[in-house]
Amino acid sequence: MVIGRNEGLRLQLCLESLSSSVAVVVYVDSGSQDGSLAIAQKAGASVVELDMSQPFSAARARNCGVAELQRMGCTADYVQFLDGDCRIQDGWLAAGFQFLESHPDYAVVCGRRRELFPQVSIYNQLCDLEWDTPIGDTLSCGGDALVRLSAFNQVGGFNAKVIAGEEPELCVRLRSKGWTIMRLDADMTWHDAAMNRFGQWWRRAKRAGYAYAQGAALHGAPPERHWVRETVRIWLWAGLVPLLTLLLVASAGIPGLLLLSLYTLLWAKTFFNALGQHKKLRIAALWATACVLCKFPQMSGQLLFCLRQLAGKQTAPIEYKTAGA
C-alpha cells in the first residue's frame with residue numbers, strides 16, 4: 001500500500017519495485033498535480049484519490065488505503081506500507097513475512113531504510129544517518145513497515161489527526177494492547193529525501209518538532225511518556241537557554257554570554273556519542289552540528305502546535321519536498 005503527493009518519477013520507481021513482489025498494490029494520492037495519478041494507473045495500481053476538502057495527512061491516506069484493500073475483498077493477513085519516495089529492496093517482503101508468520105505476538109516488522117543519494121547533499125546524508133537505528137525489539141517503526149492487519153484493525157488504524165509521527169503514535173497504541181514491534185537487520189527500502197536546500201531541512205525539522213508536541217499531548221502521561229523527553233529538550237535548548245541568555249546579558253552584561261557555552265557542551269556530547277557509534281570524524285561533526293541546530297526549527301514546530309491547539313484548528317502537513325516529476 002503506497003501513499004504519495006507529487007512524487008512523480010520517484011513514485012514510478014516505487015511502484016516498479018513492487019511489480020514482481022506483490023499481487024495487489026493500492027496507491028492513495030493526496031492531491032498531486034504532477035501526473036502521479038496517471039503514473040500509478042499505468043503501473044496497474046488501484047488508485048484512490050483522497051478527498052482534499054478535508055485536511056489531508058499521511059495517516060488518513062494510509063487508513064484509506066487499507067479500507068480500499070478491504071473493499072476489494074483482499075484477505076491478506078499483512079500489509080506493507082510504503083511511502084511513494086521509497087523503493088522496496090529485494091528479499092525484504094519474504095523476510096518480513098517469514099518473521100511475522102513465526103512470531104504471532106508481533107504486530108509490526110521493519111528493516112533498514114537507506115538513502116539513495118546521500119552523496120548529493122549534506123541534508124540527504126543527515127537523513128541516511130537518521131535511518132541508522134538499532135535493531136531488535138523497538139518502540140516504533142517508520143512509514144515503511146510490514147503490519148499485521150488484525151492488530152492494525154484492533155486499534156483502529158492510524159490517528160488521522162496526527163500530521164507527523166503517525167507511525168510511532170500507532171505503535172504506542174499497539175504496545176498498549178500487548179503487541180510488539182521488531183526492526184530486523186535486513187535492508188528494507190531505499191528512500192529519496194531529495195533535500196538540496198537548507199530551507200527543506202528546516203521545514204523537515206519543524207515538522208519533527210510539531211510531531212513531538214502532538215505525540216506528547218496525546219500520550220505524554222505515565223507510563224508511556226511518549227516524546228515528553230524530546231519536547232522538554234526542545235524547550236530547554238531553543239527556549240529557556242536563549243531566554244536566560246538575553247535576560248542575563250541585558251541585566252549583567254557580558255557574563256550572560258557564558259550560557260551560550262552550554263551549546264558547545266551539547267555539541268561535544270553528541271559528537272563523542274557519534275564517534276562511539278563508529279562514525280567518522282567528519283560525519284560525527286556533521287551529525288552533532290545538525291542535532292544542536294535542529295532544536296530551533298523544532299521549537300517553531302512546537303509553537304505552531306500550541307497555537308493551533310489554542311485556535312482549535314488542525315494544521316495541514318508540513319511539506320519539505322518539491323514535486324518529483
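How many salt bridges does the structure hold? There are 16 salt bridges in the structure, a salt bridge being a side-chain nitrogen of Lys or Arg within 4 Å of a carboxyl oxygen of Asp or Glu. Before we zoom in, note that this is a predicted model, where local features need pLDDT of at least 70, side-chain atom pairs count only at pLDDT 80 or more, and totals for chains, interfaces and linings use all residues. Residues are numbered from 1 along each chain as its sequence is written, and side-chain values use heavy atoms, with hydrogens and water left out.

**View 1. Asp83 and Arg62 meet in a salt bridge.**
Side chains of opposite charge can pair when their charged atoms come close. Here the N to O distance is 2.8 Å. Asp83 sits in strand β4 and Arg62 in helix α3 (residues 58-71), 21 residues apart; helices (H or I, at least four residues) and strands (E, at least two) are DSSP runs, numbered from the N terminus. Both Asp83 and Arg62 are buried. For the terms used here, buried means under 20% relative accessible area, exposed over 50%, and partly exposed in between (1.4 Å probe, protein chains only). The two also belong to a salt-bridge network with Arg113, Asp144, Glu166 and Glu167.

**View 2. Glu167 sits in helix α7 (residues 166-176).**

**View 3. Asp185 and Arg112 form a salt bridge between two strands.**
Their closest N and O atoms are 3.3 Å apart. Asp185 is in strand β9 and Arg112 in strand β6, so the pair ties together parts that are 73 residues apart in sequence. Asp185 is exposed, at 57% relative accessible area, while Arg112 counts as buried at 14%.

**View 4. Helix α4 (residues 92-102) has a buried side.**
The buried residues are Trp92, Leu93, Gly96, Phe99 and Leu100. Why do they end up on the same side of α4? It's because they cover an arc of only 135 degrees around the axis, counting the directions from the helix axis to the C-beta atoms. Turn to the face away from that side and you'll find the exposed residues Ala94 and Gln98. The cover over the buried residues includes β4 (78-83), β5 (86-88), β6 (106-115), β8 (145-148) and β9 (180-191).

**View 5. Phe81 and Phe152 form a tilted aromatic pair, one of 13 aromatic pairs in the structure.**
Rings of Phe, Tyr and Trp (its six-membered ring) pair if their centres lie within 6.5 Å; planes under 30 degrees apart count as stacked, over 60 as edge-to-face and the rest as tilted. This pair has 5.6 Å centre to centre and 40 degrees between the planes. Phe81 lies in strand β4 and Phe152 in helix α6 (residues 149-154), 71 residues apart. Phe81 is buried at 2% relative accessibility, and Phe152 is buried at 3%. Together with Phe158, they form one aromatic cluster.

**View 6. Tyr210 and Phe305 form an edge-to-face pair.**
The ring centres are 5.4 Å apart, with 90 degrees between the planes. Tyr210 lies in helix α8 and Phe305 in helix α12 (residues 295-311), so the pair ties together parts that are 95 residues apart in sequence. Tyr210 counts as buried at 3% relative accessibility, and Phe305 is buried at 8%.

Note on methods: Contact means heavy atoms within 4.5 Å.
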